[in-house]
Amino acid sequence: MFEKVLVANRGEIACRIIRAAKRLGIKTIVVYSEADKDMPFVQAADERWALGGALAKDSYLNRAAILEAAKASKAEAIHPGYGFLAEDAGFAHEVAQAGLIFIGPSVDTMLRIHDKSAARLLVKAAGVPVVPGSNGQVADVEAACVVAATLGYPVLCKAAGGGGGIGMASAANESELRRAFVSCQQRSLAAFGNPGVYLERFFEAPRHVEVQLLADRHGHCIHLGERECSIQRRHQKIIEEAGSPLFEGGAYAKLREGMLRAALCVAAAFNYSNVGTVEFLVSGEEFFFIEFNARLQVEHPITELTTGVDLVAAQFHMAAGMPLQLQQSNIASHGHAIEFRLCAEDPIKFLPSPGEIKRLEFPPEGGAHCPSKGNPLLLLNTSPVPMATALRGEGGEVASCVRIDSGYAQGSRVTPYYDSLLAKIIVHAPTRALAIEKARQALSECHVEGIKTNLPLHRQIVEDADFQAGRLTTRFLERFSKKRAAPMPLKETGL
C-alpha cells in the first residue's frame, strides 16, 4: 500500500479521500488555491502545498504545479477525485511519466472513453444498446441536419469530449438544431478544447440509471448495483438513490439484470480497471448506454451505504495493484439510500450564491456503518464481520444511518470560482419509505445562513407525491417547478 498520496482536488471529495487514506495508514498531501487556504480539507491533510491563484486554471488545473508538489513532497500516487483533472488522459500520462501512480484507469482506457462518439461505437460493437444517433462526430451543421432528419426530431447535440451536461443542447426542429449545433461546438471547444459534436435521439422523459463497477488490474470486474439519478437540473444531478425505485419490489427484474450485465460488458470492452460508472437511459422497458464515467462519482456514498463497500479504499487497493477480494456473489444491496446535494445556489433560478457561511448546522451523523462515528465501511470485505451482518442492527433489521460528506464549515467563504456543492446529506434505511422519512427529519435539522442554498427545494421534493411514489424522470424537476409555481387550490390553502 502507498505511504503518501497527493489529493489533487478540493472540498468535500478531498475530505472524503483524506478520511479513507487515514483509515489505511496513508499520509496525505493536499494542494490548494489562494481562495481555499482556510478551507477544512487543507487542515485535514498531513501536508499542504499552495498552488497559485483562485482561478481553476491557475490552481486545480495547473498540471505542472501539481506534479511539482507531488515530487517535492515525495508522494507515490495522485488521487484526482472527480472533476478538474480526474478524466484528463494527458495529466494521467504526465503522472506516469513522473514515476507516480494515477489512481484511476489506465491512460489508454481513458483515451478510448474520452471521445464520447468513438466510445458509443465501441460499446455498440460489444452488443450493448446505445441511444440511436450519429455514427461518430458530425462534420458540420448541414451534415447534422441530414442525420437529424434520419433520426427524427427532437435530437440532442452532445460534446464529443464532454461530460457533466456541458456542451449539450436539444433541438425540436431544424432551425433549433442549427443554433444548438453551433452553440454546442463553441461550448465544447471552450470547456474541453475539442469542438467535436455528435447527435443522439432525444427522449422526452426517460429515467437516468447508472451502474457502479469495481475492476482490478487482473481482469476481475464486479458491479455494485444501480443508482437512480433522474432528478437533475441543467443535466446535473441533485438527488440520487440506491437502488432505483423502478425496480422496487422486484419490478422489471429482467430489465435490471440486462442492464447490470451490459455494464460489465462495457467495462470489458474498454479493458477497464479501478472504480467506474456506466450510465444508461431507461425508456419503457428498454435501456440505452449514455456514457462511461472513468472516475469516482459524486453520488458514490449511497452505494457504499447499501453494499458496505468503501469505494475510495477500493481505489487505493486496486491502484496499488492488489487483486479485488470481492466476488459478485459477495455483493448484495441492503435497504435504500438517498443523497441530497446541498448547493450554494438560488433554489429557484439555480444561480450561484457566493458569500460567507454565517451558520452551518447538520443533523448528527450516526447509525451502523457511518464512517465518522466509529463504524467504518468494510474494506473490500476483509473484515471478519460478514457484509450482510455489518449492515444490520442488533435486531437483524437493516440499520438506519445519516451521513454528511461536507467540504465547508461555519465561517467558510463560498467563492464563485468552483462548483457550488457544499455538502451531501445522505440517509439510509430498511425501505425507501423509511429512507424518505429519515430524509425529511435530516433536512429539517439542516440550517444554513449567509448564502442561499437549495435546501428549501430538497425539503419540498421529499413531500411531493410523485417523488414519494418513485415516479421519476429526467423532467421531474421541470414538472415539479411548474407545480410549485401554480396557485394552490383553496382547500390546500385553508381558505
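Author: Asn 293 is buried, with a relative accessible area of 3%. Buried means under 20% relative accessible area, exposed over 50% and partly exposed in between, with a 1.4 Å probe and protein chains only. The model is predicted, so local features need pLDDT of at least 70 and side-chain atom pairs count only at pLDDT 80 or more, while totals for chains, interfaces and linings use all residues. Residues are numbered from 1 along each chain as its sequence is written, and side-chain values use heavy atoms, with hydrogens and water left out.

Asn 293 is found in strand β13, residues 286–293. Strands (E, at least two residues) and helices (H or I, at least four) are DSSP runs numbered from the N terminus. Apart from neighbours within four places in sequence, Asn 293 is in contact with Glu 87, Tyr 272, Gly 276, Thr 277 and Glu 279, where contact means heavy atoms within 4.5 Å. Ile 436 is 143 residues from Asn 293 in sequence, and their C-alpha atoms are 28 Å apart in space.

Next come the rings. Rings of Phe, Tyr and Trp (its six-membered ring) pair if their centres lie within 6.5 Å; planes under 30 degrees apart count as stacked, over 60 as edge-to-face and the rest as tilted. The structure holds 10 aromatic pairs. In one of them, Phe 84 and Tyr 418 have ring centres 6.4 Å apart and planes at 75°, so this pair is edge-to-face. Phe 84 lies in the loop between β4 (77–79) and α4 (89–97), and Tyr 418 in the loop between β19 (413–414) and β20 (421–429), so the pair ties together parts that are 334 residues apart in sequence. Phe 84 counts as partly exposed, at 30% relative accessibility, whereas Tyr 418 is buried at 11%.

Another pair is formed by Phe 91 and Phe 102: with centres 6.3 Å apart and planes at 80°, their rings are edge-to-face. This pair links distant parts of the chain, with Phe 91 in helix α4 and Phe 102 in strand β5 (residues 101–102), 11 residues apart. Phe 91 has a relative accessible area of 0% and is buried; Phe 102 also counts as buried, at 8%. Tyr 60, Phe 84, Tyr 417 and Tyr 418 form one aromatic cluster.

On a 1 Å grid over the protein atoms alone, a cavity is a set of points where a 1.4 Å probe fits but cannot get out, and a pocket is an open set with protein on both sides within 12 Å along at least five of seven lines; lining residues have an atom within 4 Å of a point. Grid points are joined across faces, edges and corners, and a volume is the space filled by probe spheres set on the points. There are two cavities of 30 Å³ or more. The largest cavity has a volume of about 50 Å³. It is lined by 14 residues, of which Pro 80, Ile 103, Gly 104, Arg 295 and Gln 315 are the closest to its centre.

The second largest pocket holds about 320 Å³ of space. Among its 20 lining residues, Glu 226, Gly 243, Phe 247, Ser 333 and Gly 335 lie nearest its centre. The largest share of this lining, three residues, comes from β10.
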